[in-house]
Every structure is written in C-alpha cells, then in structure tokens.
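Please examine the sequence and the structure shown below before reading the report.

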Amino acid sequence: MSTIDIETARRVAKLARIRVADESLPQLAEKLSGILDFMEQLNEVNVDGVEPMTSVTPMRLKRRQDGVTDGNMQDKILKNAPDAREGFFAVPKVVE
Amino acid sequence: MSLNKLTIADARDLLKKGEVTSVQLTEACLSAIESADALNAFVHKTPEIALERAKAADARIAQGDAPSMCGIPVGIKDLFCTEGVPSQAASNILKGFKPEYESTVTTQLRDAGAVMLGKLNMDEFAMGSSNESTCYGAAVNPWRREGETTPLTPGGSSGGSAAAVAADLCLGATGTDTGGSIRQPAAFTGTVGIKPTYGRCSRWGIVAYASSLDQAGPMTKSVRDAAIMLQAMAGHDAKDSTSADIAVPDFEAALTGDIRGQKIGIPREYRVDGMPADIAKLWEDGTAMLKDAGATIVDISLPHTKYALPTYYVIAPAEASSNLARYDGVRYGHRASLSSGEGINDLYEKTRAEGFGPEVQRRIMVGTFVLSAGFYDAYYNRARKVRALIKRDFEQAFEAGVDAILAPTTPSAAWGLGEMKDANPVEMYLQDVFTVTLNLAGLPGVAVPAGLDAKGLPLGLQLIGKPWGEAELLNTALVLEQAAGFVSKPAKWW
C-alpha cells in the first residue's frame with residue numbers, strides 16, 4: 001500500500017521530535033517500510049461492521065469529584081528537573 | 001541449602017516458625033547479588049533499604065499476623081517507580097531520575113513487608129524480547145547450552161527479573177508484560193511468570209509503554225510462589241482508572257491440584273510452520289499431562305491468530321508514541337545541551353535523539369506514522385477492529401465451554417546474545433507470536449517451565465485463562481508444574 005520514502009521519514013521524525021541526521025534517513029526509511037510491509041497483512045481481514053476496540057475489558061470509566069486531592073509539593077515536582085529556577089521549569093527562550 | 005535458593009512459600013513457612021529471619025534471607029540474597037555481576041541483572045542495588053526493611057519485617061513477624069510476603073526479598077523491574085531510588089526504564093533519557101513517589105504495586109509489596117533488593121535490568125521502555133536494548137548493557141541468562149560458554153539472552157523485556165530469579169539472587173521479582181515480556185523471559189530461564197488480566201494490577205507509577213496492553217505480574221520459582229506474590233500485587237487502585245474494582249480471590253487457596261472435568265483447548269493456529277520438534281513435543285506432552293490429570297482436551301480454532309502480531313505492532317507503537325511524548329528534557333531526565341541560537345524545538349529533538357535508543361526511536365516513529373493524518377484509519381483504526389476480532393475468537397472458545405487454553409510460550413529456546421543483531425526488527429517481533437494475543441484480548445496467561453531442549457535449555461508452556469480467572473488458571477498451572485516435574489537449575493558459572 002505504501003512505503004516510506006526519505007521525505008516521509010524526515011516528516012515522521014520531525015513530528016516525533018526526534019532529530020535524525022540526513023545521512024541516516026535512507027536507513028530509517030528502509031526499516032520503517034519493512035515494519036509497514038508487515039502491517040499490510042491486516043488488509044486481508046474483513047472488518048466490515050466491526051467496531052474498533054476502545055476498552056479491552058468491559059468497564060465504565062469511573063467518575064470522581066472534580067476536586068483538589070493533593071498539592072503543596074512544588075519542591076517534589078521540580079526535584080528532577082534538569083533546570084529549575086525560582087519555582088519554575090526553565091527552558092530556552094520560546095518567543096523572541 | 002543457601003537461603004537465597006528457597007521458594008517464597010518455604011521461606012514464609014520458615015519465617016513463621018522462627019527458623020530463619022528476614023535479615024538472614026536478605027543477607028543471603030545480597031551476597032548472591034554481589035557475586036553475580038556477570039549476569040548484569042541488578043542494575044541499581046539497594047542493600048541499605050533491603051536491610052532496613054528486613055529488620056522491620058522481622059519485628060512484624062515476631063508480633064505474629066504478618067502477611068505471606070512479609071520478610072521476602074524481591075527484585076523490582078526498573079520500570080516501576082520507587083521512591084528515592086533510580087527508576088529509569090533502562091533508558092538514558094531517564095538517567096538520574098529518582099521518583100518522589102512509589103508505584104502502587106511496589107507500595108503494596110512494601111506494605112505487605114516484602115524487602116526490595118534493588119532494580120532489575122530490562123529492555124528500554126519494555127520494548128524488546130532479548131534485554132539487549134538497554135542503557136545498562138544486556139542482562140545475561142544464567143543458563144548455557146550444554147558444553148558451551150556462549151552467553152545467552154534471558155529474554156525480554158523483563159530479562160533482568162528472569163535472570164535474577166533463575167540464578168537465586170532473589171526469591172521473586174516483579175515484571176511487566178505488554179506483548180509477552182513476563183512469559184517469554186520466564187520460559188527462557190525455567191521460571192514461572194504470570195501476566196494477570198488487564199486491570200488486575202494497578203499501572204500507576206509504572207513507566208508506561210502501551211497503556212491498553214501493559215500489566216504487571218510476578219516472576220517466581222514456582223506456581224505457588226506466583227500465587228502468593230500476585231496476591232500482594234493485585235487489587236483496585238483509584239489512581240488507575242483502568243484498574244478493576246473487582247474482589248481479588250485467595251489465589252493460593254485455589255491451588256487444589258484438582259482439574260478433573262476441566263476442558264482444555266488446543267488452538268490449531270498455534271501450530272506454526274517450522275516449529276522446532278522439541279517445542280512441538282513439549283506441547284504434546286503437556287497436553288497428555290493435563291489429560292492424565294482428568295481434563296478433557298478439545299481442539300479449538302482462534303482464526304485471527306496470525307493477525308495478532310501486526311495488530312500489536314500498530315497499537316503498541318501508537319500508544320508508545322503518545323506516552324513517550326512526555327520525555328522532552330524539561331521536567332525530568334536527560335536534557336541535551338544546546339548551541340547558541342538553538343531553541344525549544346532543538347531542545348526536544350536533540351534530547352530525544354540522544355536519550356532514546358534505536359528501537360525506542362523506531363517504535364515512536366512507527367506510532368507517529370500510523371496516527372498521522374491520512375494513515376490513522378488505514379492502520380490504527382483497522383488494527384483496533386482486528387483487535388476486537390482477536391478478542392472475539394477467545395470469547396467464542398470460552399463460550400463453547402473451554403476453561404483454559406494450552407500453547408507453547410515461545411517458538412524457540414533462548415538464543416545467543418548478539419545472534420539477532422543483524423535481524424530486521426520484524427524477525428525479532430516474531431518472538432512474541434504465542435504471547436501477544438493475550439495482551440490484545442486482555443486475558444491472563446501463565447508460563448510454566450516444562451522441559452529442556454536437546455541442548456539443555458529450558459522451554460515453557462503457556463496456559464491462557466478467562467478474564468479474572470487467575471485462581472483457576474494458577475491451579476491448572478500447578479497441575480502442569482507437578483506433572484512436568486521441572487527441577488533443573490542452571491549450573492553456576494558466574
């Protein structure tokens with residue numbers, strides 16, 4: 001049905017926010033195409049009138065009060081941050 | 001006998017009688033771990049925590065009324081968040097991450113008095129079948145082919161857990177199973193592993209791979225031990241909306257050894273081309289054992305079996321691509337260093353390129369592709385429909401009166417580390433052919449060691465049960481275990 005060409009591989013890597021060097025794109029495209037070929041078998045299955053599965057065990061999603069159940073743990077939340085300053089996560093400048 | 005070689009059941013009984021202490025058990029395991037670095041199973045050791053909990057367990061046992069897991073030393077897969085202890089899913093992207101919280105399953109084990117010895121090696125983000133895709137270097141199977149020294153894979157993704165249990169470094173270990181990650185390593189190491197029904201164990205605090213498939217379960221030296229350990233791990237948790245609010249039966253009490261009148265299905269679609277003779281024979285022998293124990297054997301058909309793997313390899317990467325979007329170098333884990341002029345997108349892209357291993361990157365990108373505009377219906381929605389048909393196959397078998405299904409666990413015994421290095425990803429995926437169907441259907445499955453192949457390596461049989469039928473399933477597994485009489489242990493070389 002479809003193979004992944006180099007341009008598609010580049011676009012997928014971009015969407016996935018994973019940097020892939022230009023010279024690695026052909027190999028990536030080839031591997032992804034191989035996986036996709038494998039998936040093509042699914043086209044043999046007659047799925048007419050079959051609902052896509054949404055939950056593997058029949059269950060109704062539980063509801064709960066929309067209320068605050070915890071909090072006051074800024075230190076804990078920032079503890080593992082690569083760069084935390086003045087109670088915030090720090091990132092490179094986003095807007096000029 | 002060295003105390004680390006005990007089963008959980010025997011250790012529990014000795015602890016209750018006051019004939020051993022948890023500290024003694026724990027010290028025996030810690031010293032076994034210290035001399036087993038060649039297996040690369042324990043990747044973060046926590047001897048101080050272990051001894052502290054062992055002392056507390058001894059105090060509790062002395063007061064009487066301690067639960068079965070109290071004082072039992074266990075290993076924890078690196079996928080479980082453990083407070084203050086590195087929990088990095090064998091990934092460089094979580095390097096240095098020390099959670100400020102404890103997963104529900106490990107909290108329950110801790111509350112039951114179990115002693116954590118440390119964190120266990122695995123495939124990165126639980127994606128893999130050989131424990132070679134890991135930032136720690138491969139875990140090594142304690143088993144070797146007769147007369148050879150070639151290092152073998154312990155299977156994956158819970159390879160460190162399987163190696164540690166098989167080598168008696170701990171009495172039991174936690175694993176997780178998304179496509180076979182408990183059962184395949186159990187089969188490769190001659191140990192027992194059960195993947196419970198989806199929703200039986202809370203997923204809260206377990207690093208997510210594919211949320212609709214992931215389940216935690218115990219890996220142990222015996223079926224009885226699996227029952228005891230699962231008891232402590234299972235149960236409803238309000239913090240996991242897919243955790244089932246269903247009473248947990250007494251799994252150990254269900255081990256009667258009586259399966260007379262049970263109907264065991266043998267699925268014809270699992271007789272795949274090129275199945276090794278050893279495995280075909282093991283399957284026949286296991287069938288005969290259950291028949292001798294009074295079960296009725298029936299041939300059944302699960303017609304969509306051959307589509308399980310391609311279905312899995314659409315759904316699991318799709319969910320992974322979404323779950324792993326959180327690793328962006330902002331809140332925890334690795335962050336790439338930037339050159340001047342680089343911005344937030346460079347931060348994301350470089351961090352993820354540096355932090356994720358090749359297989360994880362590949363699955364994220366496959367998932368991104370199948371979820372992208374124009375392909376969502378053709379791949380993702382189609383896979384969800386086929387998944388519904390795979391589940392229906394099992395439902396029809398159970399409706400026709402089948403109580404459990406018997407199949408091999410894996411299409412081969414453990415292979416050599418590096419032997420699959422040049423294989424394409426799909427060849428590696430084929431390892432999951434017998435295990436992945438259950439995850440798609442949400443069913444419980446248990447791997448039981450049942451024999452050795454011609455080269456002296458363990459092989460496993462798998463029993464598949466009805467939803468929430470772990471108690472009956474473990475009882476059937478017990479019958480198989482007793483009839484197979486598997487007592488072999490790997491000869492110590494490490």
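## Fold and dimensions of chain A

The model is predicted. Chain A contains three helices and two strands, and their order along the sequence is α-α-α-β-β.

The radius of gyration of chain A is 23 Å, whereas a compact globule of 96 residues would have one near 12 Å. The C-alpha trace of chain A spans about 55 × 45 × 25 Å along its principal axes. Of the 96 residues of this chain, 33% count as buried.

## Surface and charge of chain A

Chain A exposes about 7,100 Å², of which carbon and sulfur atoms supply 49%. The chain carries 14 positive and 16 negative side chains, and the centres of these two sets lie 10 Å apart.

## Salt bridges

Side chains of opposite charge can pair when their charged atoms come close. Over all chains, the structure holds 33 salt bridges. One of them links Lys79(A) with Glu100(B), with the closest N and O atoms 3.2 Å apart. Lys79(A) lies in the loop between helix H3 (74-78) and strand S1 (84-85) of chain A, and Glu100(B) lies in the loop between strand S2 (73-77) and helix H4 (104-111) of chain B, so this pair joins two chains. Lys79(A) is exposed, at a relative accessible area of 57%.

Within chain B, Glu148(B) forms a salt bridge with Arg145(B), and their closest N and O atoms are 3.4 Å apart. Glu148(B) is partly exposed at 31% relative accessibility, while Arg145(B) is buried at 13%. A network of salt bridges links Lys14(A), Arg19(A), Asp346(B) and Glu349(B).

Terms used. Residues numbered from 1 in each chain as written. Chains lettered and ligands numbered in written order. Predicted model: local features only at pLDDT ≥ 70, side-chain atom pairs only at ≥ 80, totals over all residues. Heavy atoms only, no water. Helix = DSSP H or I, 4+ residues; strand = E, 2+ residues; numbered from the N terminus. Rg over C-alpha atoms; globule rule 2.2 N^0.38 Å. Buried < 20%, exposed > 50% of the residue type's maximum accessible area, 1.4 Å probe, protein only. Areas by Shrake-Rupley, 256 points an atom, 1.4 Å probe, with all protein chains shown as cover. Lys, Arg positive; Asp, Glu negative; His and termini not counted. Charge placed at Lys NZ, Arg CZ, Asp CG, Glu CD. Salt bridge = Lys/Arg side-chain N within 4 Å of Asp/Glu carboxyl O.
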